[in-house]
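Hi everyone, thanks for making time this morning. I'd like to walk you through one structure, so please have a look at it while I talk.

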Amino acid sequence: MFMGTMSVDDKNHLTIGGCDTVALAHRYGTPLYVLDEHFLRQKARTYRTIFNDLIPGSKVLYAGKALLNSAVCRIMAEEGLGLDVVSGGELYTALTADFPREQIYFHGNNKSSAELKMALERGIGRIVVDNIWELKTLGELAARRGVNVSILIRLTPGVEPNTHSYVRTGQFDSKFGLPINADTTMDAIRQAVDMPGIDLKGFHCHIGSQIMELDAYQKTVRLMIEFLARLKRGLGLTVEELDLGGGLGITYLPDEKSPSLLDYAQAISSALTTSCQKHRLAMPQIAVEPGRSIVGEAGITLYTIGAVKEVPGVRKYVAVDGGMADNPRVAMYGAKYTGCLANRVLDDAEELVTIAGKCCESGDILIRDISLPTVRTGDILAVYATGAYNYSMASNYNRLPRPAMVLVWQGKSDIIVERETYDDLVRLDRIPQRLTEAKAAVVKG
Ligand code: LLP
């Protein structure tokens, strides 16, 4: 199940971006995140082209929560995408990488005053206001500074797509956004319109992540356009922008089929045209915010196999030098991955094994039941489609240093995130003076 530029060379090694993955593992160490630049750019470009063709004037904002670092910011900016950030840290990363400010949209259900101030000071494109408390805080901050801020208001349309409950966000019972059908939402909109310094440009919604059914998107479009029509009738308000969020699913396993970008864009475009006609509404400027479907399949993770252990009559465990610390998705959502032995790609599968991580948790299993050639210590395992929500959700659990990330392109590889060291792990630790004194007293006593 090769993706992007993945291939096999004459040594029977997996290659990606024209680089031998076994050589990458030896050169940079493992676990190693590898990002396929060509594939990443191709996805970003395809998104932009397709959406611009089908919905002229539309914007594609890359959702940085899927994977963000300075190099990825540069690539997305070069490809002409905007950026969705969700914290001061993501915003800081984007600003440090000189991401065009006006193309940055700031999300989040609990932005702090400090984060909002930072966004105001840097003059970013849009703040996506999540709730009434945030609207008031932002209004006060903008008034105090005497600046104007362009906002979208986040709504929940009441759509529940078929995906893991942890990543469903379109339902009314959600910590995100204001329910589309509530009177209090109308009140909030009225307040926003009347607030000096607040320029309400439009609305936002995001129904969830890893969504495979296009119906859910069409339903969302219908509900949002109907809402805009109600707003026009009720408040006489016409807004210019509608941001439909992200969430398109990708293929993690060979037997899965995700919708193509074209099908996705067509589904949205046709629902928009029909709904706008029905309600006699001019088409708003559309934005979408894909994360996973841009970066997910462009990443793989390389691991070195360590302990191999057979539990007689039960299963064979093959342990790798990473696990839930670099990819928490399996433990969190029961996510499923596949991969191959990067140093013996085309060898026949001979055994069914379970790939275990090295964390102190029985739940730290990366792949349950994968058919591989007989696995030996020292083999290199490549796990596919780890580009999204792996590095960005990685932790130092068990004090494991976070892996490095390399960007591969036409046979070249460059580090874009350094591997953490043990020194990095203790860098922020502090020992209070009284502990030192207490120890001295014990030694003395
Ligand atoms: N826009 C908003 C407002 C979002 O909350 C998200 C994702 C996206 C866009 C991008 O969604 P995507 O296209 O990547 O599906 N950690 C989970 C996924 C959480 C998604 C959070 N929000 C996972 O690993 O499956």
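Let's begin with salt bridges: the count for this predicted model comes to 20. One of them pairs Arg 41 with Glu 79, whose side chains meet at 2.9 Å, N to O.

Now for the domains. The assignment for the protein chain gives two entries: domain 1 is made of 7-35 plus 297-422, and domain 2 runs over 37-295. Their C-alpha centres are 33 Å apart.

How much area do domain 1 and domain 2 bury between them? The answer is about 2,100 Å², with 64% of it on carbon and sulfur atoms. On the domain 1 side, the residues that lose the most area to domain 2 are Glu 297, Tyr 333 and Tyr 389, and together they make up 31% of what that side buries. In terms of contacts, 22 residues of domain 1 touch 25 residues of domain 2.

How many salt bridges are there between domain 1 and domain 2? The count there is one. Please keep Glu 297 in view for a moment: besides being among the residues that lose the most area on the domain 1 side, Glu 297 forms a salt bridge with Lys 43, with the closest N and O atoms 3.2 Å apart.

The largest pocket holds about 790 Å³ of space. It is lined by 38 residues, and those closest to its centre are Lys 65, Thr 169, Phe 176, His 206 and Tyr 389.

Looking at secondary structure, α10 (292-295) and α11 (329-333) each supply at least two lining residues, and α11 has the largest share, with three. By class, the lining of the largest pocket divides into 17 polar, 11 nonpolar and 10 charged residues.

Searching the whole structure turns up two cavities of 30 Å³ or more. The largest cavity contains about 50 Å³. Its lining consists of Tyr 33, Val 34, Leu 35, Leu 67, Gly 299, Ile 300, Thr 386, Gly 387, Tyr 391 and Met 405. Two elements give two or more residues to that lining, namely β4 (32-36) and β14 (299-311), and β4 gives the most, with three. Which classes of residue do we find around the largest cavity? Seven are nonpolar, three are polar and none is charged.

The second largest cavity has a volume of about 40 Å³. Around it you'll find Tyr 105, Leu 152, Glu 241, Leu 242, Asp 243, Gln 285, Ile 286 and Ala 287. Here the strands that each supply at least two lining residues are β12 (241-243) and β13 (285-288). Five residues of this lining are nonpolar, one is polar and two are charged.

Before I stop, let me point out a couple of backbone details for those of you who enjoy them. Thr 30 and Pro 31 are joined by a cis peptide bond, with omega at about -10 degrees. Pro 31 lies in the loop between α1 (21-28) and β4, and β4 is the strand that gives the most to the lining of the largest cavity.

The other detail is Arg 280, which is not a glycine and yet has a positive phi of about 50 degrees. You can find Arg 280 in the loop between α9 (261-278) and β13, and β13 is one of the strands in the lining of the second largest cavity.

That's my tour, and I'm happy to go back to any part of it.

Key:
Residues numbered from 1 in each chain as written. Predicted model: local features only at pLDDT ≥ 70, side-chain atom pairs only at ≥ 80, totals over all residues. Heavy atoms only, no water. 1 Å grid on protein atoms, 1.4 Å probe; cavity = no way out; pocket = protein on both sides within 12 Å on 5 of 7 lines; lining within 4 Å. Points joined across faces, edges and corners; volume = space filled by probe spheres on them. Helix = DSSP H or I, 4+ residues; strand = E, 2+ residues; numbered from the N terminus. Nonpolar A, V, L, I, M, F, W, Y, C, P; charged D, E, K, R; others polar. Domains from an automatic or database assignment. Contact = heavy atoms within 4.5 Å. Buried area = accessible area lost by both parts, 1.4 Å probe. Salt bridge = Lys/Arg side-chain N within 4 Å of Asp/Glu carboxyl O.
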